[in-house]
Amino acid sequence: MLKTTLAGSLPKPGWLAEEEKLWAGWKLEGQTLEDGKRDATILAIKLQEAAGLDIVGDGEQARAHFVHGFLANLDGIDFGKKTLMGIRNNRYTAEVPTVTGKIRRNGPVHRLEALAARANTAKTLKFTLPGPMTIVDTIADAHYGRREDLAFAFAEVLNEEALELQALGVDVVQFDEPAFNVYMPLVAEWGMAALERAAQGLTCTTAVHICYGYGIKANIEWKGTLGAEWRHYEETFPVIAASKIDQVSLECANSRVPMELIRLLKGKDVLVGCIDVASNRVETPEEVAATIRKAMAFVAPEKLFPCTNCGMAPMAREIAYGKLTALAKGARIVCEELRG
Ligand code: ZN
């Protein structure tokens with residue numbers, strides 16, 4: 001019970017990529033870069049184990065960005081054709097690649113780091129992929145026309161990749177859908193259906209991560225406009241509860257999300273965000289324990305997985321791993337209480 005895990009990304013070592021940046025450039029190239037990505041993945045696994053996590057991940061060490069890292073090995077995308085686009089309903093703008101033809105998977109995207117991760121841990125291994133709705137919200141389209149058609153095209157290639165990750169020994173495939181907290185009516189319309197298409201045929205554990213974004217300035221400013229209670233989850237959780245997805249990862253630490261919304265996820269595993277990724281202050285284990293206790297009013301400890309609010313890619317490494325250590329220690333406090 002109370003198995004600890006992380007939402008997804010971790011900071012990369014300074015020898016691999018620019019530090020404390022979300023869209024960090026690589027510092028290596030060619031085969032040296034490929035070797036560096038693999039080594040950083042193994043290091044991230046070992047550091048998560050040392051921090052005391054029960055379910056570890058690749059830390060997204062081999063991808064430049066959680067969305068565009070997946071797009072790198074697909075046909076149908078012109079990376080040279082950059083389009084300036086409003087993202088997450090114009091919360092911020094970014095220069096994004098453009099879809100110019102049919103989306104096809106050229107071959108494995110994350111095979112190398114999945115193999116490296118699997119070979120270097122006996123713990124439950126989780127791998128993250130961007131969800132279809134979030135991908136279409138982070139790329140321009142000059143081919144498909146309708147956003148939902150593009151989402152289903154991405155869902156098909158995500159499914160191919162997810163099935164391969166499962167075959168390589170990955171235990172949990174998680175789809176990241178921050179866009180679910182932005183376009184709530186579209187989740188019921190086609191977002192959830194596209195996500196289920198991406199997860200089709202998986203027999204490993206499946207998860208969806210829905211958050212209020214990385215701790216970057218645009219997100220922090222947006223959160224300031226959301227009022228006293230953030231109830232976005234209230235619209236999407238019933239849709240997710242009716243889906244085949246096993247686990248839901250949500251943001252709870254230092255957020256204005258009312259904890260009782262977890263009730264809407266009856267039957268699901270709940271990955272409770274106990275670590276604020278928008279603050280450099282490392283939580284105390286007691287603070288983590290307090291968040292877990294609050295969540296336990298709405299979900300049984302067997303179905304509660306203490307987690308981070310979101311990815312930690314733009315943070316300083318020692319802070320990120322300090323937070324993971326606090327997460328594991330906080331969960332241990334509550335476990336000991338429960339054992340009496
Ligand atoms: Zn997130």
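Biologist: What should be kept in mind about the model and its numbering?

Modeller: This is a predicted model, in which local features need pLDDT of at least 70 and side-chain atom pairs count only at pLDDT 80 or more, while totals for chains, interfaces and linings use all residues. Residues are numbered from 1 along each chain as its sequence is written.

Biologist: What makes the chain as compact as a globular protein of its length?

Modeller: The chain holds 10 helices and 10 strands; helices (H or I, at least four residues) and strands (E, at least two) are DSSP runs, numbered from the N terminus. Its radius of gyration, taken over C-alpha atoms, is 19 Å, close to the 20 Å that the globule rule gives for 340 residues, so the chain is as compact as a globular protein of that length. The globule rule is 2.2 Å times the number of residues to the power 0.38.

Biologist: Why is Glu234 called partly exposed?

Modeller: A residue is buried if 20 or more other C-beta atoms lie within 10 Å of its own, exposed if 12 or fewer, and partly exposed in between, with C-beta atoms placed from the backbone. Glu234 has 15 C-beta neighbours inside 10 Å, and therefore counts as partly exposed. Glu234 belongs to helix H8 and touches Leu261 and Leu264, not counting residues up to four places away in sequence. Here two residues are in contact if their C-beta atoms lie within 7 Å.

Biologist: Which residues of H8 are buried, and how do you know that they are on the same side?

Modeller: In H8 (residues 232-241), Tyr233, Thr236, Phe237 and Ile240 are buried. They cover an arc of only 115 degrees around the axis, which puts them on the same side of H8; the arc is that of the directions from the helix axis to the C-beta atoms. The buried residues of H8 pack against helix H6 (184-198), strand E7 (205-210) and strand E8 (247-250).

Biologist: What makes a set of residues a nonpolar core?

Modeller: Such a core is a set of buried Ala, Val, Leu, Ile, Met, Phe, Trp, Tyr and Cys residues joined through C-beta atoms within 7 Å. The largest nonpolar core has 99 residues, of which Phe154, Val272, Cys274 and Ile292 touch the most other members. Helix H5 (residues 147-167) gives the most to this core, with nine residues. Val272 has contacts that include Cys252, Leu304 and Phe305.

Biologist: Why are strands E1 and E10 placed at the edges of their sheet?

Modeller: Two strands pair if DSSP finds at least two bridges between them. Seven strands form an open sheet in the order E1-E4-E6-E7-E8-E9-E10, with parallel pairing. Strand E1 (55-57) and strand E10 (304-308) each have a single partner strand, so one side of each is left without a neighbour in the sheet.

Biologist: How do you know that strands E6 and E7 pair?

Modeller: Strand E6 (residues 172-176) and E7 are joined in the parallel sense over five bridges, and the definition asks for at least two. One of the bridge partners in E7 is Thr206, facing Val173.

Biologist: What makes E3 and E5 a pair?

Modeller: Two bridges join strand E3 (residues 92-105) to E5, and the strands run parallel; at least two are required. These strands belong to an open sheet of three, in the order E2-E3-E5, with mixed pairing.
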